[in-house]
Amino acid sequence: MSNRTAAGTAAPSRREQILGEAARLFAERGFHGVGVDEIGAAVGISGPGLYRHFAGKDAMLAELLVGISERLHDGGRRRVEESLAAGLGPEETLDALIEGHIDFALDDRELITLHDRELDRLPEADRKKVRKLQRQYVELWVSALRAVNADLTELEARVAVHTVFGLLNSTPHLSGSSSMPDRETTAALLHRLARGAFSAAAPRGLAP
């Protein structure tokens, strides 16, 4: 979970620090392989002290997975709205969505791993919320893609979007700095691959 800060940006709160370490440990060792005491030790507080912030590990997992689903959806919607407000065209809107998801795929690889492994551990209400947010996020992409190429049916566009998500969300398999170029180069490569996949899906092709 990304805890990057920039000049003028507040440092992560204790709650955010706990979530960041929980995400890292859950991704490394699995949900059941991590104890509350270990998460507490990672942020410098006692295990019981964590209960002032979270009811337990289940609550941490729910906040991590619901939270990232909200962040992706809200961020995607904001990028679309900003593109429209700036008078940008469909190509630029699609590029903005791709760029936002690449940021997630590079900065929050632990959350991709968590989602793949642990989503079914969430209570039903939280799991339904995650799925609803994900569907809404996909539809943002489907609309943006079909605005670029209306020859794609909704079903074809949806398949293409899920395929690109699979490509971008493969970053957890690139473990260690030696497995990837620098961040800027990796982001540019992922962007080209995503655009290439969308171009291949389109009957008449997209602009490169």
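Predicted model: local features only at pLDDT ≥ 70, side-chain atom pairs only at ≥ 80, totals over all residues.
Is Arg158 buried, partly exposed or exposed? Arg158 is partly exposed, with a relative accessible area of 24%. Keep that residue in mind. We will come back to it.

Everything I say today was computed from it.

Let's start with helix H5. It covers residues 90-107, which is 18 residues. From its first C-alpha to its last, H5 reaches 26 Å.

Now look at what H5 hides. Its buried residues include Thr93, Leu94, Ala96 and Leu97. Further along, Phe104, Ala105, Leu106 and Asp107 are buried as well. What do the buried residues of H5 pack against? They pack against helix H4 (57-85), helix H6 (109-118), helix H7 (124-148), helix H8 (154-168) and helix H9 (183-201).

Next, charges. Side chains of opposite charge can pair when their charged atoms come close. How many salt bridges does the count come to? The count is 18.

Arg29 forms a salt bridge with Glu38, and their closest N and O atoms are 2.2 Å apart. Arg29 is partly exposed, at 41% relative accessible area. Glu38 is partly exposed too, at 34%.

The second pair takes us back to H5. Asp107 bridges to Arg183, with the closest N and O atoms 2.9 Å apart. This pair links distant parts of the chain: Asp107 sits in helix H5, Arg183 in helix H9, and 76 residues separate them. Is Asp107 buried or exposed? Asp107 has a relative accessible area of 15%, so it counts as buried, the cut-off being under 20%.

Arg158 forms a salt bridge with Glu139, the closest N and O atoms being 2.9 Å apart. Arg158 lies in helix H8 and Glu139 in helix H7, so the pair ties together parts 19 residues apart in sequence. Glu139 is partly exposed, with a relative accessible area of 32%. And there is a network to point out. Salt bridges that share partners join Arg79, Asp103, Asp107 and Arg183 into one network.

Last topic: helix packing. Two packed helices are described by the angle between their axes and the distance between the axes.

Take helix H1, residues 14-29, against H6. They pack at about 55°, with their axes 9 Å apart. That angle makes H1 oblique to H6. The contact uses Ala23, Arg24, Phe26 and Ala27 of H1. On the H6 side we find Glu110, Leu111, Thr113, Leu114 and Arg117. H1 passes H6 in a left-handed crossing.

Now H4 against H7. Here the angle is about 20°, and the axes are 9 Å apart. The crossing of H4 past H7 is left-handed. Among the H4 residues that meet H7 are Ala62, Leu65, Val66 and His73. Among the H7 residues they meet are Val130, Leu133, Tyr137 and Leu140.

That's the tour. Find Asp107 on the screen and look again: it is buried, and it is part of that salt-bridge network.

Notes
Residues numbered from 1 in each chain as written. Heavy atoms only, no water. Helix = DSSP H or I, 4+ residues; strand = E, 2+ residues; numbered from the N terminus. Expected span 1.5 Å × (residues − 1). Buried < 20%, exposed > 50% of the residue type's maximum accessible area, 1.4 Å probe, protein only. Contact = heavy atoms within 4.5 Å. Salt bridge = Lys/Arg side-chain N within 4 Å of Asp/Glu carboxyl O. Axes fitted to C-alpha atoms, helices over the stretch in contact; angles between N-to-C directions. Parallel < 35°, antiparallel > 145°, perpendicular 65-115°, else oblique. Left-handed = near helix turned anticlockwise from the far one by under 90°.
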